[in-house]
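Here is a short briefing on one structure. Please read it alongside the sequence and the coordinates.

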Amino acid sequence: MTTFWQCSDTIWNKNSTNWKSNVKKEKQIRELISRVFEKAKKASSKDSPYGLCKYLNEEAEIPVSERNLNRYFDYYVANKSGKKIRPDSDSLDYLAQYLGEENFKGFTNELENSEKDLKLQDKVRMLKNRLSLSLIIIVLLSVTLVFYVMGYYEKNCMVWVDDHYEKALVQPIK
């Protein structure tokens, strides 16, 4: 028999997973729309959001209305509060195709792969830094140890006394 608390925990965990995937998708949409407007700004001579939306609709032939493109710009790029309009799957596919991807799924896969590559590069860089630091410390400790041993270790030498050699202690130079 399940208790109320077990049921509510199960519901919360399901909702939290769904919430995480929604946040992830929102970030992907934001990145897609930001890249679309960056590319449009480079490709056109327009600077205003309206001019960029008009360029995307007419010259780039993206079959999304200027009004919706303007709303996407306001919400996802300019971070203006107001009515949030989430692009439908067809609009996302058209925008991804403008960036050279086959569809939105292809864009998200490419985005995830680039994020994984960045994380891997950061780990490799961190390991290289640690290895370099470790090697420097080892070399410094080794050099210090060698000088310590050489400088303070009394050496046994042979000295000629009359007609034979005898052991003599030689003090280090100070």
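Asn 79 is exposed, with a relative accessible area of 55%. Here buried means under 20% relative accessible area, exposed over 50%, and partly exposed in between (1.4 Å probe, protein chains only). The model is predicted, so local features need pLDDT of at least 70 and side-chain atom pairs pLDDT 80 or more, while totals for chains, interfaces and linings use all residues. Residues are numbered from 1 along each chain as its sequence is written, and side-chain values use heavy atoms, with hydrogens and water left out.

**Loops with positive phi**

- Asn 79 is not a glycine, yet its phi is positive, at about 55°.
- Asn 79 sits in the loop between α3 and α4 (89-98). Helices (H or I, at least four residues) are DSSP runs, as are strands (E, at least two), numbered from the N terminus.
- Glu 61 is another residue other than glycine with a positive phi, near 55°.
- The loop between α2 (49-59) and α3 (66-77) holds Glu 61.
- Glu 61 counts as exposed, at 63% relative accessibility.

**Salt bridges**

- The count comes to 6 salt bridges. The rule asks for a side-chain nitrogen of Lys or Arg within 4 Å of a carboxyl oxygen of Asp or Glu.
- Glu 112 pairs with Lys 24, with the closest N and O atoms 3.1 Å apart.
- Arg 35 and Glu 110 form a salt bridge at 3.6 Å, N to O. Arg 35 is in helix α1 and Glu 110 in helix α5, so the pair links parts 75 residues apart in sequence.
- Arg 35 is partly exposed at 26%, and Glu 110 is partly exposed at 29%.
- Arg 125 and Asp 122 meet at 2.9 Å, N to O. Both lie in helix α5, 3 residues apart, about one turn of the helix.
- Arg 125 is partly exposed, with a relative accessible area of 46%, and Asp 122 is partly exposed at 43%.

**Largest pocket**

- The largest pocket has a volume of about 150 Å³. A pocket is an open set of points on a 1 Å grid over the protein atoms alone, where a 1.4 Å probe fits, with protein on both sides within 12 Å along at least five of seven lines. The volume is the space filled by probe spheres set on the points.
- Its lining is Lys 24, Lys 27, Gln 28, Glu 31, Leu 111, Glu 112 and Glu 115. Lining residues have an atom within 4 Å of a point.
- Helices α1 (4-43) and α5 each supply at least two lining residues. The largest share, 4 residues, comes from α1.
- The lining divides into 1 nonpolar, 1 polar and 5 charged residues.

**Nonpolar surface patch**

- Leu 131, Leu 135 and Ile 138 make a nonpolar surface patch of about 300 Å². Patch residues have over 30% relative accessible area and no salt bridge, and nonpolar side chains are joined within 5 Å.
- Leu 135 belongs to helix α5 (residues 104-152).
- Leu 135 counts as partly exposed, at 48% relative accessibility.

Definitions and conventions
Patch = residues over 30% accessible without salt bridge, like charges linked within 9 Å, V, L, I, M, F, W, Y side chains within 5 Å. Areas by Shrake-Rupley, 256 points an atom, 1.4 Å probe, with all protein chains shown as cover. Nonpolar A, V, L, I, M, F, W, Y, C, P; charged D, E, K, R; others polar.
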